[in-house]
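Before the individual contacts are discussed, please look over the sequence and the model shown here. The questions that follow move from confidence to helix packing and then to aromatic rings.

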Amino acid sequence: MISKVQNQPPFADGTTSAATFPPPPAAEQPYSIFDKRQKALIVVIISVAATFSGFASNIYFPALRTIAKDLNVSIELINLTVTSYLVFQGIAPSLWGPISDVKGRRITYCCTFVVFLGACIGLGEAKSYAAVLVLRCLQSTGSASTIAIGSGVIGDITTRDERGGFMGIFQAGLLVPVAVGPMIGGALAESLGWRAIFWFLAIYSGVFVVCLFLLMPEPLRSVVGNGSRIPSNPITRYPLVVYQRTSRIKWDLATEPAARKRIDLVGPFCILVSKQAAPVIVFLAVYYAVWQMSITAMSTLLEERYGLGETEIGLGFIANGVGSMVGTLVMGKLLDKDYRRIKARYESRSNSAQPPETATSNNNNADGDGDGDSDDSFPLEKARLHLVPFFALLQCASITLFGWTFQYPQKVHMAVPIVSTFITGWTAIATQSVVMTYLVDVFHDRSAAASASLNLARCLFAAAGTSSVMPMVNALGVGLAFTVCVVAQLVALLGLAVQWRFGARWRRELERGRRAF
């Protein structure tokens, strides 16, 4: 509720109680005024928004050969539309992310969905390969940024203690299309033609953008603070004022003006090459690229090696999608649990090593302004990254199994490589969820830009991988081609080792520089 200052009754001598007694200490402001049910609604909205990136990418895979035949081009040229989609999926958030960090999440969401909707309508009417290629790039520009913006929203409204779980839910929304997208795409392409895929996306996005406009409040902290500041822009003000009136958390109305920030378009690139982020980003980008290579090749391999049709191919992708959702939901809970466990151990050790006054002060400030982002000595790398090597090695094993079982289709049932995609999807997304949460923790003042930098690297690596996967398979064979990929993954583990060894020191340097600035 909004607190109000009431006048005190005067005493007989004309003084007031405020003059006689010191005013009570100001109540500590919550990190966010949004209560649990409001946070849940916001996370549901951004999770649905994130489905568009996954749908636009995965709903397309079962129809690749159909599109190639209809447009009378080779499958290699159609695979280039996948590559170009991934390139723009990497580049676009580097534009939209910094804009959302300054102008606001809500207005940026609306702009991206207008672009996406227009591209889907164009693809539904496309008659040439050139039109499909160009419009797929535009479609990616509109949909890809929902991931970066959504990660920024998570950083705006959650503390470190709860961020992992909310990030897991958000990533699960992102991955629902990985499970059901190919199935829907295969059914639409087989029954109504491949253009029906894009009309489905146009209708879906049109309905959602109306819901987004009506229900999504502005959460950007530089615009609305912890949600208690009333912005002057009427587009930004609604429905935030409704959330303020219905919140169950006690808070005071913020009167200070919003801090002015400038749009930093090079911010994601600076984060990408910074020592605080580059090692772990490169590590994740390699693993993400190999995952995308496997599911891009899967459509062609299932048709050529096992003779499946479009709908059957779409069903073959379900295991990958279910594994992805399991990975992110389980990892989100583990992130929160591990963080709280390590934080409790850290605070206990700190309290025993310091005088009571200092220990109490550190405990009160361990979370900074409620977010846990100001304690430089906290072992964040241990809290976030200690399970990543296990998932990385498990993904290497599943990719090896995928390649060598497709190598011998006469001897191995197709269920084996399909089950391997469950493991690959689970481990790939679990790793991605951890790394994205870690980057939002480190770059908490530029969370969307940090997510955009990760997205840029992984998509550019994936674009290179998906464009080369079928030539590699044709030249080396499926088994050897994916063995080469596993070797690259093992080398990429060096990036994780560097982050584990030096990340804490580099992060402290970043915080000192941020405070000095």
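The term pLDDT denotes the predictor's confidence in each residue, on a scale from 0 to 100. This is a predicted model, in which local features need pLDDT of at least 70 and side-chain atom pairs count only at pLDDT 80 or more, while totals for chains, interfaces and linings use all residues. Residues are numbered from 1 along each chain as its sequence is written, and side-chain values use heavy atoms, with hydrogens and water left out.

Q: What is the mean pLDDT of the protein, and over which residues from 1 onward is the pLDDT below 50?
A: The mean pLDDT of the protein is 82, with 87% of its residues at 70 or more. Where pLDDT is low, the predicted coordinates should not be read in detail. The pLDDT is below 50 over residues 1–22.

Q: How are helix 2 and helix 7 oriented to each other, roughly parallel or roughly antiparallel?
A: Helices here are DSSP runs of H or I with at least four residues, numbered from the N terminus, as strands are runs of E with at least two. Axes are lines fitted to C-alpha atoms, for helices over the stretch in contact, and angles run from 0 to 180 degrees between N-to-C directions. The axes of helix 2 and helix 7 (residues 145–157) come within 8 Å and cross at roughly 165°. Since angles under 35 degrees count as roughly parallel, over 145 as roughly antiparallel, 65 to 115 as roughly perpendicular and the rest as oblique, the two helices are roughly antiparallel.

Q: Which residues of helix 6 meet helix 2?
A: Helix 2 (residues 36–58) and helix 6 (residues 129–143) pack at about 160°, with axes 9 Å apart. Contact means heavy atoms within 4.5 Å. On the helix 2 side the contact involves Phe52, Ser53, Ala56 and Ser57, and on the helix 6 side the residues are Arg136, Gln139 and Ser143.

Q: What kind of aromatic pair do Phe52 and Phe113 form, stacked or edge-to-face?
A: Rings of Phe, Tyr and Trp (its six-membered ring) pair if their centres lie within 6.5 Å, and planes under 30 degrees apart count as stacked, over 60 as edge-to-face and the rest as tilted. The structure holds 19 aromatic pairs. Phe52 lies in helix 2 and Phe113 in helix 5 (residues 105–124), so their pair ties together parts that are 61 residues apart in sequence. With ring centres 4.9 Å apart and planes at 80°, the pair is edge-to-face.
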